[in-house]
Amino acid sequence: MSNATEPLPGTSDLWEPEVFGWLELESIARRIFGRYGYQELRTPVFERTEVFVRNLGNETDVVQKEMYTFEDRGGRSRTLRPEGTAGVMRAVANLGLGPGEECRVFYMGPMFRGERPSAGRRRQFHQVGVEAVGCNSPWMDAEVIAMLVHFLEALGITNPKVMINSRGLPEDRPAVAQALRDYFQPHLHEMCDDCKRRFETNVWRMLDCKQEACHKLALEAPHIADLLGEESKTFFRHVCDGLDSLGIQYEVNPRLVRGLDYYVHTVFEITHPALGTEDAIAGGGRYRMTMPGTNTPIEGIGFAAGIERLLLTRAGLGLAPQSRPAADTYIVAAGAAAIPAALKLAGEMRRQGKGGRVLADVTGRSMKAQFRSANKSGASKVLILGESELAEGTVTVKDMANSTQNTVKREELLDTL
Ligand code: HAM
């Protein structure tokens, strides 16, 4: 039976030193994306349900099985965001983007999907992502992928495996879908139930099914890129040219389709052996969306990386964050009269930035018990305020590493720290 104080399955509490890994990652993201001219955007954690249903696609696993959707007290349908792109596009549409105008943003924060939990699959997980909205050039796709590789390298995640593919334009879809149906039809009886359903609703997803029998068949399926129209083929060639000129290593994976319906043209995913599974650490692509209440589609290109998966990958590479002690300086107050003096001293130290992380013991416990706590805190210095120190206007300073101690005048103490 699960303990009532445990976090729900697929969610976690985050303690130090794990928090340090997050802070470092977030600051690296701000630094790298800032260099490419991206600005930070924070959108709400919940939105009108239609923002997601309409854009992610009715037939996707995310919309069909994974969204946390609820009715608010007014009976309106709301959804905890399962991903960041749709909310960003809603925000951009709300701002209003004129013809030819671009908007480049990055974001980070919690996302929610009701998936079966495992180490790399969470119900509350976190993404760091970027979206370059309003730019329709294939060269932009190459730059966005290169920026993702740059970000990973800045995190110490070198040699990521970059896989790309093209899904072409909406007008290419009927021909591709027909070719895929013609190919899969005679084998349908050998395939899993999900694929049987996908055959009717979303035949593209049959290409990336993980079931062994289905995967084997998908290996021989026609390549989407060969079936696209000229415009889509040229677009994809320019993306590849852009990556070549930026020196980015990549592999064209003809079975990469991605799980969301909003994509057009470029799709890509990144894996790394240090994650320990074949799950992607990041994925993205070019997309078109039309927001509820508007009729003009907006196009963009972007990606999102799972923060938990990035940190697992870093840990796999020996880059886990180090812990630090709870305190650097611990003030022991011996006797009731010393407590206000200890508090005052701690306050002055913190305001002047002396002594690092300062803890003052205000419990009035025995010296022995206070020293036990001081030891446990990991503090390298203990300041002792007792009856004699108060009477003489001094403080006893104990160095915990070599167990030496000396007495310093109270008014000179802060200068000696
Ligand atoms: P996605 O592939 O669904 O794409 O998610 C991106 C990344 O989020 C994944 O590669 C993975 O690292 C992480 N992720 C997804 N689900 C989970 C989960 N349940 N637990 C832990 N990590 C997870 C998107 O979300 C698109 N919005 C990406 C995008 C941006 N496309 C264009 N712009």
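The questions and answers below go through the ligand site, the pockets and some backbone details of a predicted model.

Reader: How many residues surround the ligand?
Author: The closest residues of the shell are Glu83, Thr85, Glu115, Arg122 and Tyr263. By class, the shell divides into 11 nonpolar, 8 polar and 8 charged residues. The number of residues that surround the ligand is 27.

Reader: Which residue has a polar side-chain atom 3.0 Å from an oxygen atom of the ligand?
Author: A polar contact is a pair of N or O atoms within 3.5 Å. An oxygen atom of the ligand has a polar side-chain atom at 3.0 Å, and that atom belongs to Gln127.

Reader: How far is a nitrogen atom of the ligand from a polar backbone atom of Gly302?
Author: The protein atom in this pair is a polar backbone atom of Gly302.

Reader: What part of the ligand's exposed area does the protein bury?
Author: The reference is the ligand taken alone, which exposes 660 Å². Of that area, the protein buries 95%.

Reader: Which element gives the largest share of the shell around the ligand?
Author: The elements that give two or more residues to this shell are β6 (124-133), β10 (282-289) and β11 (298-306). The largest share is 5 residues, and it comes from β10.

Reader: What is the volume of the second largest pocket?
Author: The lining of this pocket has 21 residues, and the closest to its centre are Leu14, Glu18, Trp22, Glu308 and Leu311. The lining divides into 10 nonpolar, 5 polar and 6 charged residues. The space in the second largest pocket is about 470 Å³.

Reader: Which element gives the most to the lining of the second largest pocket?
Author: Two or more residues of the lining come from each of α1 (18-35), β6 and α11 (307-316). The most, 5 residues, come from α11.

Reader: How many charged residues are in the lining of the largest cavity?
Author: The structure holds 1 cavity of 30 Å³ or more, and the largest cavity has a volume of about 40 Å³. Its lining is made of Glu59, Thr60, Asp61, Arg197, Arg198, Asn202 and Arg205. By class there are no nonpolar residues and 2 polar ones, and the number of charged residues is 5.

Reader: Is Asn159 buried or exposed?
Author: Asn159 is not a glycine, yet its phi is positive, at about 50 degrees. The residue is found in the loop between α5 (138-154) and β7 (161-166). Its relative accessibility is 67%, and the cut-off is over 50%, so Asn159 counts as exposed.

Reader: Is Arg258 buried or exposed?
Author: Arg258 also is not a glycine and has a positive phi, about 70 degrees. Its place is the loop between β8 (251-252) and β9 (263-271). Because its relative accessibility is 12% and the cut-off is under 20%, Arg258 counts as buried.

Reader: What separates the C-alpha atoms of Arg90 and Ala218?
Author: Arg90 is in helix α4, residues 85-95, and counts as buried at 18% relative accessibility. Arg90 and Ala218 are 128 residues apart along the chain. Their C-alpha atoms are separated by 35 Å.

Reader: What separates the C-alpha atoms of Ala4 and Glu411?
Author: Ala4 is found in the segment before α1 and counts as exposed at 80% relative accessibility. Along the chain, Ala4 and Glu411 are 407 residues apart. The separation of their C-alpha atoms is 51 Å.

How values were computed:
Residues numbered from 1 in each chain as written. Heavy atoms only, no water. 1 Å grid on protein atoms, 1.4 Å probe; cavity = no way out; pocket = protein on both sides within 12 Å on 5 of 7 lines; lining within 4 Å. Points joined across faces, edges and corners; volume = space filled by probe spheres on them. Nonpolar A, V, L, I, M, F, W, Y, C, P; charged D, E, K, R; others polar. Near = heavy atom within 4 Å. Polar contact = N/O pair within 3.5 Å; in protein donor to acceptor, adjacent residues only side chain to side chain. Areas by Shrake-Rupley, 256 points an atom, 1.4 Å probe, with all protein chains shown as cover. Helix = DSSP H or I, 4+ residues; strand = E, 2+ residues; numbered from the N terminus. Buried < 20%, exposed > 50% of the residue type's maximum accessible area, 1.4 Å probe, protein only.
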